[in-house]
Amino acid sequence: MSGSRRRAVALVGAAAVSGALLAGCLQNPSQGGAAGAGLAGFVDNAEADGDGVVTILGAFGGQEAEAFEASLTEFAESSGIDVQYTSDQDFTNTIRQRTGAGQAPDIAIFPQPGGLLEQAEDGYVQPIDTYLDFDALEDTLVPGFLEAGRLNGRVYGAPMRMAVKSLVWYNQATYAAQGYDTEPGDLGELAAITDQIRQSGTAPWCMGWNSDQATGWVGTDWIEEYMLRLWGPDVYDDWTSHEIPFDDERVIAAFDAFGELVLAEGAVAGGTQAVIATPFSESILPAFEDPPECYLERQGNFITGFMPEEVQANLDSTVGLFAFPPAVDGYEGQPILGGGDLAALMNGDDEDSIAVMEFLTSPDFGGPWAEAGGWLSPHTTFDTALYPDEITRRTAEIVAEADVFRYDGSDLMPNAVGGGSFWTGMVEWLTGAKTAEQVTAEIEASWPTSEEDS
């Protein structure tokens, strides 16, 4: 057993016990009470109440906006509500400007929880327990998804779209055809597979981190995967909210565990320097070369859109996937890392807006969007027959079978960290410029000390 593995095993005991229980522990907040931070009564905006018009602001446009609007057509016709959606690619800044100017929409759809919690803290968002059936919502959602919208004991946003990151992709014609295990039960079994592939002379892992100014975000996902698996969701939450320091020994153990996979000679196509130079959108392509240059890619469900055109035309017969498995001695369950869009009510006294929110956040929403492709429901009870292919259905099943879901950690952290020092730190660590201890200490030092710094 390596030194880093011993460290992980030694640390995991206490954290795993409480973390294993979290999936069933989300409680309904007290009904009623203050809406927003210290704000009495209902959150309101300048829009007229009861006029049959509901305005929605979101970030997705183009075909996604068309599919979103198509998913609302039947509801709008039956309810008589005129739902008016506006797409804004600069959503984060626009929502701040609009709320600051007293022009908040009735409903805002946040692509990241940080913006939602910022608006909730400023008193612009209605807590969902005051107008939605919290228990019914929790029962159908992927366990743990509501935690992304929690602030000071209240939940302010409910998911209406899901993204999944804890997926491992492979080429059926090479990986599966050679008899490699397509359902490893834990990280130990996955390590055995990767060693077997490496000994054959081919790199087991396809990997690319290059994303221009955002280079490094792929690496943060890997650390988040290991934090969830080694220590469970309780510790993960403490880490992303800075209840424990970024240079905590458990975080360093996550770096060490990832290092055993990525830093081994011949583990990744082209070596670690190639990882930094390879665009994340191109990292899966070597798996489809003849012969393949690598076999496996851990990446989100969006990666199918970057596969070769002939592969995209027939995903079900060419591509396979499995869940990035749990740790051997870590959290006792299958965690899933992902993201999603969170809908928030900014006009709490408008029955029409409440009706739209009830539909948007229900398992009934999204049929036309699902059929068009590129959308996943966060509800385990959604009709998976509506998805256009077996790959999407299998992705939904993987999440539905998971024990807990957690939002991308870097999106939960202050931007100076999650979109800054964490990204650059991953690059410095992977290239060997700095150790895990050095990188985590510097990220910890970069954590904002006040709201103004974030």
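**Figure 1. Aromatic cluster of the predicted model.** In this predicted model, ring pairs join F60, F68, F75, Y85, F359, F365, W369, W375, F382 and Y387 into a cluster. Of its 454 residues, 55% count as buried.

**Figure 2. The aromatic pair Y236 and W239 in helix α7.** A pair of aromatic rings is described by the distance of the centres and the angle of the planes. For Y236 and W239 the arrangement is edge-to-face, with 5.8 Å centre to centre and 65° between the planes. The two residues are separated by about one helical turn, because they stand three residues apart in helix α7 (residues 217-240). Y236 and W239 are both buried.

**Figure 3. The aromatic pair F365 and W375 between two loops.** The rings of F365 and W375 form an edge-to-face pair, 5.8 Å centre to centre with 80° between the planes. This pair links distant parts of the chain, 10 residues apart: F365 belongs to the loop between α12 (351-360) and α13 (367-372), and W375 to the loop between α13 and α14 (390-400). Both F365 and W375 are buried, and both belong to the ring cluster.

**Figure 4. R298 over the ring of W222.** R298 is placed over the face of W222, at 5.0 Å from the ring centre.

Figure 5. In soluble globular proteins, nonpolar side chains tend to be buried together. The largest nonpolar core in this model comprises 81 residues, and I56, F68 and L360 have the most contacts inside it. Leaving out residues up to four places away in sequence, F68 touches I56, F60, Y85, I109, M160, L360, F365 and W369. Another core lies apart from the largest one and has 57 residues, including Y170, Y175, W205 and A253.

**Figure 6. Packing of helix α12.** Seven of the 10 residues of α12 are buried, and the helix is mostly covered. Those buried residues are D352, S353, I354, V356, M357, F359 and L360. They pack against β1 (53-58), α2 (62-79), β2 (82-87), β3 (107-110), β6 and β11 (335-345). Among them, L360 is one of the residues with the most contacts inside the largest nonpolar core, while F359 takes part in the aromatic cluster.

Figure 7. A163 is located in strand β6 (residues 158-164). Its relative accessibility is 31%, and A163 therefore counts as partly exposed. Apart from neighbours within four places in sequence, A163 is in contact with N301, G338, G339, G340 and F405. The C-alpha atoms of A163 and L337 are separated by 8.8 Å, although these residues are 174 residues apart along the chain. Across the chain, 78% of the contacts with a separation of 6 or more come from residues 24 or more positions apart.

**Figure 8. The side chain of R406 in strand β12.** R406 is part of strand β12 (residues 404-407). Its relative accessibility is 2%, so R406 counts as buried. As for the surface, the chain exposes about 17800 Å², of which carbon and sulfur atoms supply 46%.

Methods: Residues numbered from 1 in each chain as written. Predicted model: local features only at pLDDT ≥ 70, side-chain atom pairs only at ≥ 80, totals over all residues. Heavy atoms only, no water. Phe/Tyr/Trp six-rings, centres within 6.5 Å; stacked < 30°, edge-to-face > 60°. Helix = DSSP H or I, 4+ residues; strand = E, 2+ residues; numbered from the N terminus. Buried < 20%, exposed > 50% of the residue type's maximum accessible area, 1.4 Å probe, protein only. Lys NZ or Arg CZ within 6 Å of the ring centre and 35° of its normal. Core = buried A, V, L, I, M, F, W, Y, C linked by side-chain atoms within 4.5 Å. Contact = heavy atoms within 4.5 Å. Areas by Shrake-Rupley, 256 points an atom, 1.4 Å probe, with all protein chains shown as cover.
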